[in-house]
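Dear colleague,

Please find the structure below, handed over for your reference. My notes on it follow directly after.

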Amino acid sequence: MGMAARSPLGTSLGAGLGLLGDMLSEMILRAVPKQRTSHSKKRKRMATKGLKNRHDLVPCSGCGRPKLTAHICLNCYHDIKRKLKDMKRTAEESQQ
């Protein structure tokens, strides 16, 4: 009858862990806040997590629009992609 009264953790892992399982369950149950965090305290904590200024934007040498430092400009990339697509299309039309 004593084995059935123990916690499931103690019976599945062995007889010596019954006390450990009870201690762990007590610690888990105590890990709750005593009061609800107020709106102003939450907002004060979140106030420092705002947007930061970007320091890695530089003007593109081709078109002058802002781009990331080590990246290709999206505007120039789309222009190059469009020109390559047109060149492929004209090459296919001339072969036929």
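Asp86 has a relative accessible area of 35% and is therefore partly exposed, where buried means under 20% relative accessible area, exposed over 50%, and partly exposed in between (1.4 Å probe, protein chains only). Its side chain meets that of Arg89 in a salt bridge, at 3.3 Å from N to O; the term denotes a side-chain nitrogen of Lys or Arg within 4 Å of a carboxyl oxygen of Asp or Glu. Arg89 is partly exposed, at 43% relative accessibility. Because Arg89 and Asp86 are three residues apart in helix 5, about one helical turn separates them.

This is a predicted model, in which local features need pLDDT of at least 70 and side-chain atom pairs count only at pLDDT 80 or more, while totals for chains, interfaces and linings use all residues. Residues are numbered from 1 along each chain as its sequence is written, and side-chain values use heavy atoms, with hydrogens and water left out.

The structure holds three salt bridges. A further one joins Arg82 to Asp79, with the closest N and O atoms 2.8 Å apart. Both Arg82 and Asp79 belong to helix 5 (residues 74-95), where they are three residues apart, about one turn of the helix. Arg82 is partly exposed at 49% relative accessible area, and Asp79 is partly exposed at 27%. Arg54 and Asp56 also form a salt bridge, their closest N and O atoms being 3.0 Å apart. Arg54 counts as exposed, with 53% relative accessibility, whereas Asp56 counts as partly exposed, with 29%.

As to the overall fold, the protein comes to five helices and two strands; helices (H or I, at least four residues) and strands (E, at least two) are DSSP runs, numbered from the N terminus. In order from the N terminus, the elements run α-α-α-α-β-β-α. Of the 96 residues in the protein, 8% are buried. Among contacts (heavy atoms within 4.5 Å) between residues at least 6 apart in sequence, 0% join residues at least 24 apart.

Strand 1 (residues 57-59) contains Val58, which is partly exposed at 32% relative accessibility. Leaving aside residues up to four places away in sequence, Val58 touches Arg65, Pro66, Lys67, Leu68 and Thr69. Val58 and Leu68 are ten residues apart along the chain, and their C-alpha atoms are separated by 6.3 Å.

The surface deserves a separate note. The protein exposes about 9300 Å², of which carbon and sulfur atoms supply 60%; accessible areas come from the Shrake-Rupley method with a 1.4 Å probe, and for residues only the protein chains shown count as cover. Ile72, Leu74, Tyr77, Ile80, Leu84 and Met87 make a nonpolar surface patch of about 630 Å². Patches are made of residues with over 30% relative accessible area and no salt bridge, like charges being joined within 9 Å and nonpolar side chains (Val, Leu, Ile, Met, Phe, Trp, Tyr) within 5 Å. Ile80 is found in helix 5 and is partly exposed, with a relative accessible area of 45%.

A patch of positive charge is formed on the surface by Arg36, Lys42, Arg45 and Lys49. Lys and Arg count as positive and Asp and Glu as negative, with His and the chain ends not counted; the place of a charge is taken as NZ of Lys, CZ of Arg, CG of Asp or CD of Glu. Arg36 sits in the loop between helix 3 (18-30) and helix 4 (39-46), and it counts as exposed at 78% relative accessibility.

With kind regards
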